[in-house]
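Let's take a walk through this protein together. Have the sequence and the coordinates open side by side as you read.

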Amino acid sequence: NGNWFWWGKSYCNVEEYTALFQFTISYLRDSLNIHNLIYVYSPDGQFDDYMERYPGDGYVDILGFDYHFKDEINKKEIDIFTGKLIELSRQATNRNKLAAISETSSESLNDPTWFAKPILETINSNKDKINLAYFIIKMNESRSNFEVDIKNLNKRDSFNKMNFDSL
């Protein structure tokens, strides 16, 4: 659904998107007989209607979304993130699918508690409502877009707390 992708909202409507998603899966699975792929439905986390472009249960194995925190992580943003995770988990459970945060980051990572605060604490304080199979942390893609400093990751207490938590 990201406007920056050629398949995003700015370039194709719901019907075109779902037809493309379904065609891609059908072609790989049915025409090429490829059965070792896992298919993730993963809109950008700024969605209003998570299921708006959902291609159907027969085309998806995992429900996920991408969520990128902006400069400041505050209670309002954590509440929005939490609500989206609860909705994601509910949709996945209702469809007998796995749920995941398919990509997350903090674009500036100014907050040294970033890993523990919005991610770990949100999941742990809502274990009865949030059930995730995994989450992926996006790493730096350029010098101007700081997200996760892989070289110094193990020096962040917040990451180590999250890394060794039993979730």
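Helices (H or I, at least four residues) and strands (E, at least two) are DSSP runs, numbered from the N terminus. Before going further, please note that this is a predicted model, in which local features need pLDDT of at least 70 and side-chain atom pairs count only at pLDDT 80 or more, while totals for chains, interfaces and linings use all residues. Residues are numbered from 1 along each chain as its sequence is written, and side-chain values use heavy atoms, with hydrogens and water left out.

Let's stay with α1 for a moment. The buried residues in this helix are Y17, T18, F21 and I25. Seen down the axis of α1, they fall within an arc of 95°, so they line one face of the helix; the arc is that of the directions from the helix axis to the C-beta atoms. On the other side of α1 you will find E15, F23, D30 and S31, which are exposed. The helix covers residues 14–31, and its 18 residues reach 24 Å from the first C-alpha to the last, close to the 26 Å expected at 1.5 Å a residue. That expected span is 1.5 Å times one less than the number of residues.

Both ends of α1 deserve a look. At its start, a side-chain oxygen of N13 comes to within 3.1 Å of the backbone nitrogen of E15. Just after the helix, N33 takes a positive phi of about 60°.

Now step back to the whole chain. It has four helices and four strands, and from the N terminus on the elements run α-β-β-α-β-α-β-α. Of its 167 residues, 41% count as buried. Among contacts (heavy atoms within 4.5 Å) between residues at least 6 apart in sequence, 63% join residues at least 24 apart.

Strand β3 (residues 98–106) pairs with β4 in the parallel sense over three bridges, and T104 has I137 in β4 as its bridge partner.

Within α2 sits S89, which counts as buried at 3% relative accessibility. Leaving aside neighbours within four places in sequence, S89 touches A99, K129, I130 and N131.

Finally, turn to S102 in strand β3. At 14% relative accessibility, S102 counts as buried. Again leaving aside neighbours within four places in sequence, its contacts are V40, S42, G64, F65, D66, Y134 and I136. A polar contact of 2.3 Å joins the side chains of S102 and S42; such a contact is a pair of N or O atoms within 3.5 Å, and within protein one must be able to donate a hydrogen and the other to accept it, with residues adjacent in sequence counting only if both atoms are side-chain atoms. S102 and Y41 are 61 residues apart in sequence and 9.1 Å apart in space, C-alpha to C-alpha.

Definitions and conventions
Two strands pair if DSSP finds at least two bridges between them. Buried means under 20% relative accessible area, exposed over 50%, partly exposed in between (1.4 Å probe, protein chains only).
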